[in-house]
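Please read them with the structure open.

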Amino acid sequence: MNEELFGRQLTATQLPPTFEPTDPRIVSRPAMTISGRWVRCERCHQQLEKAHVALPAGGYYCLGCLALGRITSRQSLLTIPEPNAFPPQTTTLTWAGSLTRLQQICAQDVQSVFGKRQRHLLWAVTGAGKTEMLFLGLADALKRGDRVAVASPRVDVCIELFPRFQQAFKNTPMVLLHGQ
Ligand SMILES: [Zn+2]
């Protein structure tokens, strides 16, 4: 129930149709805080000068995260703290493909750094199999009960990758999120 709010901040207009308003876990807070001549957006943390973002009808809006939908000081952000209650999975990787020797080496590097929760750069040309080289590391993470986010600055990439991850991890619930 209300899982769409876990770890996210939504305005009233963004709530899913299944939203259950009586849920006692819901935390509501002002979308913007006002201090002196400044307002601060609580969604993107942009600090804005009041004079630049005042609305004719009163209140302020955020310029910094307009792409996520306009947010004003008259709105609230609703969230439910992420419970991170992900049961470790046993059968994770359902991908039937195979990696070349070099891809395998890269995949094992990824697996190792994921396990140590370190940063890592995997740099290769389009079509080199970067997505597939993530699979071993992701499978391990899911077995540990971790939650995984794969992020891209391009919506078309998100849309293209999603079915590939669904295919590779058929038993793992996942969601595709983007600004459109
Ligand atoms: Zn903002």
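1. Cys158 is buried, at a relative accessible area of 15%; buried stands for under 20%, exposed for over 50% and partly exposed for what lies in between, with a 1.4 Å probe and protein chains only. The structure holds zero disulfides, a disulfide being a pair of cysteine sulfur atoms within 2.5 Å. Cys158 is accordingly in none, and the nearest cysteine sulfur, that of Cys65, is 18 Å away.

2. On the basis of these notes: this is a predicted model, in which local features need pLDDT of at least 70 and side-chain atom pairs count only at pLDDT 80 or more, while totals for chains, interfaces and linings use all residues. Residues are numbered from 1 along each chain as its sequence is written, and side-chain values use heavy atoms, with hydrogens and water left out.

3. Which residues are the protein donors of the zinc ion? They are Cys41, Cys44, Cys62 and Cys65, each through SG, lying 2.2 to 2.4 Å from the ion. Donors here are N, O and S atoms within 2.8 Å of the metal (3.2 Å for Na, K and Ca); water is not among the atoms, so sites may look incomplete. The angles subtended by the four donor atoms run from 101 to 114°, so the arrangement is tetrahedral. For four donors, that label requires all angles to lie between 85 and 135 degrees.

4. The spacing of the zinc donor residues in sequence is C-x2-C-x17-C-x2-C. Cys44 sits in the loop between β3 (38-41) and β4 (47-49), and Cys65 in the loop between α1 (50-53) and β5 (76-79), so this pair ties together parts 21 residues apart in sequence. Helices (H or I, at least four residues) and strands (E, at least two) are DSSP runs, numbered from the N terminus. Cys44 is partly exposed, at 30% relative accessible area, whereas Cys65 is buried, at 6%.

5. The strands β2, β3 and β4 form an open sheet in that order, with antiparallel pairing. Two strands count as paired if DSSP finds at least two bridges between them. The edge strands are β2 (32-35) and β4, each pairing on one side only. From one strand to the next the twist averages 25°, with axes fitted as lines to C-alpha atoms and angles running from 0 to 180 degrees between N-to-C directions. Three bridges join β3 to β4, and Arg40 stands opposite Gln47 in β4.

6. Thr72 also lies in the loop between α1 and β5 and counts as buried, at 10% relative accessibility. Beyond its neighbours within four places in sequence, Thr72 is in contact (heavy atoms within 4.5 Å) with Ala31, Met32, Leu55, Tyr60 and Tyr61.

7. Leu142 belongs to helix α3 (residues 130-144). Is Leu142 buried or exposed? Leu142 is buried, with a relative accessible area of 10%. Residues up to four places away in sequence aside, Leu142 touches Pro87, Pro88, Gln89, Thr92, Val148, Phe169 and Thr172. Thr91 is 51 residues from Leu142 in sequence, with 9.2 Å between their C-alpha atoms.

8. Two non-glycine residues with positive phi deserve a look. Asn2 has phi near 60°; Asn2 is in the segment before β1 (27-30) and is buried, at 3% relative accessible area. Arg117 has phi of about 55°; Arg117 is in the loop between α2 (101-115) and α3 and is exposed, at 63%.

Definitions and conventions:
Tetrahedral: all angles 85-135°; square planar, octahedral: opposite > 155°, others 65-115°.
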